[in-house]
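Please prepare a briefing on the fold of this protein and the surroundings of its ligand, with the criteria behind each term spelled out.

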Amino acid sequence: MKIDSFDGKNIHLFGGSSGIGLATAKQLANLGANIFIYARTEHRLKSAALEIENYRQISEQKVVWISVDISIPEDVQQVIASTVEKYGTPDILINCAGRAYPEHFEAISYQQFEETMKVNLFGIWNSIQSILPYMKENGGLIVNTSSVVGYVGIFGYTDYAASKFGIIGLSESLRSELKRYGIGVSILCPPDTETPGFETENLTKPAETKAISQGAGMMEADQVAVQLIKGMRSGKK
Ligand SMILES: NC(=O)c1ccc[n+]([C@@H]2O[C@H](COP(=O)([O-])OP(=O)(O)OC[C@H]3O[C@@H](n4cnc5c(N)ncnc54)[C@H](OP(=O)(O)O)[C@@H]3O)[C@@H](O)[C@H]2O)c1
C-alpha cells in the first residue's frame, strides 16, 4: 500500500509521545497530516503535542493527545471510538508503543513476561481490533513496530523477542486478510535507536547483550522516522 501524500490524512500513533513514535509524528505533521498520539503519561503527551504542533504546515492541522494503556482492550476501543467520532475516519495507524527490560531468562519474572506480551503484542492486537471497523470505510495503512529482535533472537531478550516475533506473524497473516479492504500492513524493524526507551533498556541490559550491540551501531529516532516515511511512500511491507 503506497501513501502518495500525507496531507490531510488522519494518522493515529500509539507510543507517539516519545522516541521513534514522536519523531515520526513530528515529520508527518510537517507533511500536512492530522496527528493523534496515544500513550499513558499525560505530561509527556502534552509536551509532545506542543512539540508536534510546531511542525505543522497550517494551524488547522489537528494535533490531539489521548491517554490510554494499550494493553487494556476495552479502554483502547473506547478512546479510538470517541476520537474517530470527533475527528473522522482514520487513514493510518502506526503502532510504536513498546517496552524492553533485557535480562537473563532466569531473572525475568512471569509478571515481566506477561507485561511485555500484553503491551508489545496484545497491545497491537487491541489497537488494530479497535480501529479496523473504521479504517475499512476508506482503506488505509497499518504499521507495526517489531525489531531486529523480531527475526533474530538475541541474548537477554527472551520475553521481548517472543513479543516481537509475534508481531511479525500477526502482521504477515493480517496483511493477506486486509488486502481486500485496501488496507496495507507493514512492519518496522528498527535496530538499536537512541531514544528514552533505549536508555531504560540499558539499565538492565546484561553485559553479553551490551557486547553484542556494541558492534551493531546506533540510529537516531529521526533517521528511523525518515526510513519509515520513505517505506510508507514506496509501499514497503
Ligand atoms: N529504541 C530502540 O533501540 C528500538 C529498537 C527496535 C525496536 N524498538 C521498538 O520501537 C518502539 C518505540 O521504541 P522507543 O525506543 O521509541 O520507545 P520509548 O522512547 O520508550 O517510547 C515508547 C512509547 O510507548 C508508550 N507506551 C509504553 N507503554 C505503553 C502502554 N502500556 N500503553 C500505551 N503506550 C505505552 C510510551 O509512553 P508511556 O510510557 O507514557 O505510556 C512512549 O510514548 C517500541 O515498540 C520498541 O520496542 C525500539
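In this predicted model, T145 stands opposite L188 in β6, and β6 runs parallel to strand β5 (residues 140-145), to which six bridges join it. Strands here are DSSP runs of E with at least two residues, helices are runs of H or I with at least four residues, and both are numbered from the N terminus; two strands pair if DSSP finds at least two bridges between them. Residues are numbered from 1 along each chain as its sequence is written. Because the model is predicted, local features need pLDDT of at least 70 and side-chain atom pairs count only at pLDDT 80 or more, whereas totals for chains, interfaces and linings use all residues.

**The sheet**

- Six strands form an open sheet in the order β3-β2-β1-β4-β5-β6, with parallel pairing.
- The edges are held by β3 (63-67) and β6 (183-188), and each has a single partner strand, so one side of each is left without a neighbour in the sheet.
- From one strand to the next the twist averages 15°, with axes fitted as lines to C-alpha atoms (for helices over the stretch in contact) and angles running from 0 to 180 degrees between N-to-C directions.
- Helix α2 (residues 42-53) packs on the sheet, where it touches β2 (34-39) and β3, and its direction makes about 170° with that of β3; contact between two residues requires their C-beta atoms, placed from the backbone, to lie within 7 Å.
- Strand β4 (residues 92-95) is joined to β5 by four bridges in a parallel arrangement, and N95 stands opposite N144 in β5.
- β1 and β2 also pair in the parallel sense, over five bridges, with N34 in β2 as the bridge partner of N10.

**Burial of the strands**

- Six of the six residues of β5 are buried, so this strand is largely enclosed by the rest of the structure; a residue is buried if 20 or more other C-beta atoms lie within 10 Å of its own, exposed if 12 or fewer, and partly exposed in between, with C-beta atoms placed from the backbone.
- In a regular strand the side chains alternate between the two faces of the sheet.
- Both faces of β5 are covered, with G140, I142 and N144 buried on one side and L141, V143 and T145 buried on the other.
- Strand β1 (residues 10-14) is mostly covered, five of its five residues being buried; N10, H12 and F14 point one way, while I11 and L13 point the other way.

**The ligand shell**

- The ligand is surrounded by 29 residues, of which the closest are G15, G19, T41, G98 and G197; a residue is near a molecule if its C-beta atom, placed from the backbone, lies within 6 Å of it.
- At least two residues of this shell come from each of α1 (19-30) and α6 (196-204).
- The shell divides into eleven nonpolar, 13 polar and five charged residues, where Ala, Val, Leu, Ile, Met, Phe, Trp, Tyr, Cys and Pro count as nonpolar, Asp, Glu, Lys and Arg as charged, and the others, Gly among them, as polar.

**The whole protein**

- The protein has eight helices and eight strands.
- Its radius of gyration is 17 Å, close to the 18 Å that the globule rule gives for 237 residues, so the protein is as compact as a globular protein of that length; the radius is taken over C-alpha atoms, and the rule is 2.2 Å times the number of residues to the power 0.38.
- Buried residues make up 42% of the 237 residues.
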